[in-house]
Amino acid sequence: MSPIEADLLVIGGGATGAGVAWDASLRGYRTVLVDRSDLADGTSGRFHGLLHSGGRYVVKDPRAATECIKENLILRQVAAATIEDTGGLFVSTPADDLSYGDEFLQGCADTGVPVEEIATDEVLRREPRVNPAIRRAFAVPDGSIDAWKLLNALASGITEHGGRVLTYHKVIALHRDGDAVTGATLRDTRTDEEMEVTAAFTINASGAWAGQISAMAGIEGVTIVPGRGIMIAMNHRLVNTVVNRCTMPADGDILVPIRTVSVIGTTDVEADDPDDLTVAQAEVDQMLDAGDQLVPGFRNARALRVWAGVRPLFRDARAQGSDRDISRAHTLLDHRERDGVQRFITITGGKLTTFRLMAQEAVDAMCLALGEDRPCRTREQPLPGSESGEYYTVGTRLRARESDGSDPLVCECEMIPRTRLEAAMRDKGTVNLDDIRRALRLGMGPCQGGFCTYRATGILHEVGHLDGATADAALLGFLQERWKGTWPILHGDQLRQSRLDDWIYQGLLDVEHLPDWTAA
Amino acid sequence: MKPDVVVVGGGMSGLAAGVGLAEAGASVLVLAKGAGSLQLAPGTIDLLGYAGERVDHPLRAIAALAERDPGHPYALLGADVVADAARWLCSRVADGPLAPYRYVGSPEDNMLLPTAIGVPRPSALVPETMGAGDLRQGGRMLVVGFRGMKDFHPALIADNLTRATGGAMEVRATQIDPPALDGEPGTMRLARALGRPGVAEALATRLATVGRDDEVLALPAVLSIGDPHGVWETLQRGAGRPVCEIPTLPPSVPGLRLFDTLRTLLRRAGGRLVTGSHVVGFKGSGDHIEALRVHVSGGERIYATRWVVLATGGVSSGGLTLDADWRMRETALGLDVAGVPAPRQARFSPRYLDDHPLGRAGVAADGDLRPLDARGQRRWENVLVVGGALGGAEPWREKSGEGIALASGHRAAQLILGAEGSVSDSAATKVAQPIA
């Protein structure tokens, strides 16, 4: 295969990398974005879905707070379709120090985060499930943001502007010519084919994996501490506003309503390996108990799914900085200054809310290195799908459904019609139903794929002209993927649902005796 | 009126017990929370499909299993009870409202029927409308789907069946337009349409034009709810070839037929079925339960009874539940549940298709189906536990769920009739009636 030539190679298909590729494409650079897996399969797709107002950081990390509120306001303009304008509350539960409220108000004033103290009975009127014993409450402009929708919009934008997005392409070598990075060898993880990319510049946006990538360029000491946290999605929107505990950042301090669920987060455990996404029983219990502080009865509510994500926390082995600097702010490493390696930048750390700013800073640094003056346009240019500036609302799919009820639903939970599913399968050209999940939320509802896994497999087999073995692998892979996030929290009604799914797949369909499932 | 027996649960086990008791002259009340689990089941009676390896001869394998695994429900029942129950069910369906619709097969041998994803699945007794799908016969099959039906994918079924039989069978697929319907071609809508005059005839004409003369035609299991025999015969006649049904995702049409059959037999025999009811408490004295407190129609009623048959099913049916503190309960009578991993111990395996530590949890019972408490002592003398609430089995993995439900329900009826000498004489003749 002939090598791909590009102005810019971006490594990492999370929000940061896709943001970098979008920014660079808008500035006219021919850009290639690569990821070893699907877009948003790393940290970006494994967070709680919060669009930060900055309120969380006003006391602990004022710089991060100011960045958040600025970016929050920009994203509301350029990525509106991926955002639900839920608003946010900071509430003092009986377990929280009341005096933090004053610090919080002062912090908001200092950092520019709009805030309004509201009466607790007004909070309970708006959010009847919130702990009635709360003593103070503050409203801030938090929201929720759908990372998969965001990444899909970014990918569309990149390709519309002449860039390429190569998912399932793992970087297996970075090339150097003298002191400059000149490209990479990629391996298609689905076909094992290798491919060369030559690029005038390379930006490492691989998040928690940034140390592994920069080591391929011969750069040492980029130490990313994977801070693993778990999140649990509850089956209902227990709240319709983001509810934070008004306290210093702590485990289980936030409940985010997103799409049809609400997500509680999170824990923070230092992991050795960013690919270790273990969910510990103790953490599950801790989250369920923490939820009870915000919403009494939370522990016995129906939990749908649990997952872990890793925060990329940068600790520079070269600088003796304080731990404060490994907090939530992001880090741009210009390896020319730091390591004498040209044409290579690492951007890591940060939060999804600030991905656009991180991308801008990275591409600005590239322009500087190349001696070019091409201004950033991502502050003004709406992402594909967000041109109208209308926010996503929880009724969006229902509205679409009601306007065209003739298209049969394949996934009733998430209201995915057959034509939409077929189009996504054709567009993505994938044999992996988890890719379809990230595109359309297939199997993310209460039955966790109970009905749609079978249907989608049949349709994929037909649309993709697959052989039986490939279709079976898609089905078994998706069942396993769904199981991965349910078994650690299974109890109550969700266990009952899961056993019904077993009834279908093991009892009725007998998938464990598919011709060669052991090979799948 | 004080019923002799209150059966809690309207699935296979509860209805088997209820029909058996009512036909023997007992006064029977069946309390069901919903439509019962039969509508979820494929409508086949799977006695034992897998015991490690695939089972070809279920009765023999059940006898061996009972020896090997004393905690298994089949060890409480024994192979003879299973055989007796299987014959009983066949006779009741043959006498039922859908006759001459009947079940075929034998508890001695498993057939291999195609599932809706194309796996040859072992079943002992199956509706006559599925019998021609028995893959042991080899030969050729054409899987016929209806365009737009999301719960049936003929090409995938055909691909997998061809591979599963190692190429011994040639299985092809085709799609035809569904009968005219008011809406999308779903399982229930198709089944209702095929029950209407002229629709089966039109389909039969269409089927005559597909495939080759030597192919069995396999359709989704939608050959009507109320007249499966007639529709099936019409299609076979019109197509000039054997036709078989393949069970689809819930709701299951063959399962509904079985539910309708058993419900009708229960009512014919004077039994009552109260749906929308669930047990919220009971009054017990010593080792007897005297009455059940039942939520029904928005109010509460007390049912005094001599016997209780607990047929509430396992976790999927709501008969067992695991709470957020990882404790498991039996939901109607608060019986102890055996086989539950301790808190902080693994309940499930990270791999979906592995055995799961919680998988066999359920109520422990003795050979008379009386529930045992955590110390292994009989808890109630007049409560019999049947079906999915019993621990010790993995019904879906073993393909034993209907068999355990049927045999334990049938056995519970026999035990109660045996204890109540007055009705047991008339019952014995009916129960022991051989079938053709």
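The model is predicted. Strand 16 of chain A, residues 261–265, is largely enclosed by the rest of the structure, because five of its five residues are buried. Elsewhere, 42 residues of chain A are in contact with 38 residues of chain B.

- On one side of strand 16 of chain A sit Val261(A), Val263(A) and Gly265(A), all buried.

**Neighbouring strands in chain A**
- Strand 13 (residues 222–234) runs antiparallel to strand 16, and four bridges join the two.
- Within that part of the picture, Val263(A) of strand 16 has Ala233(A) as its bridge partner.
- Strand 15 (residues 254–258) also pairs with strand 16 in the antiparallel sense, over five bridges.
- Here Ser262(A) of strand 16 stands opposite Pro257(A).
- Strands 15 and 16 form a hairpin with two residues between them. Arg259(A), in the turn, has a positive phi of about 50°.

**Where chain B meets chain A**
- The contact brings together 38 residues of chain B and 42 of chain A.
- On the chain B side, helix 5 (154–164), strand 18 (320–322) and helix 10 (395–398) each supply at least two residues.
- Helix 5 of chain B gives the largest share of that side, with six residues.
- By class, the side of chain B that touches chain A has 19 nonpolar, nine polar and ten charged residues.

Terms used:
Residues numbered from 1 in each chain as written. Chains lettered and ligands numbered in written order. Predicted model: local features only at pLDDT ≥ 70, side-chain atom pairs only at ≥ 80, totals over all residues. Buried ≥ 20, exposed ≤ 12 C-beta atoms within 10 Å, placed from the backbone. Pairing = 2+ DSSP bridges. Contact = placed C-beta atoms within 7 Å. Nonpolar A, V, L, I, M, F, W, Y, C, P; charged D, E, K, R; others polar.
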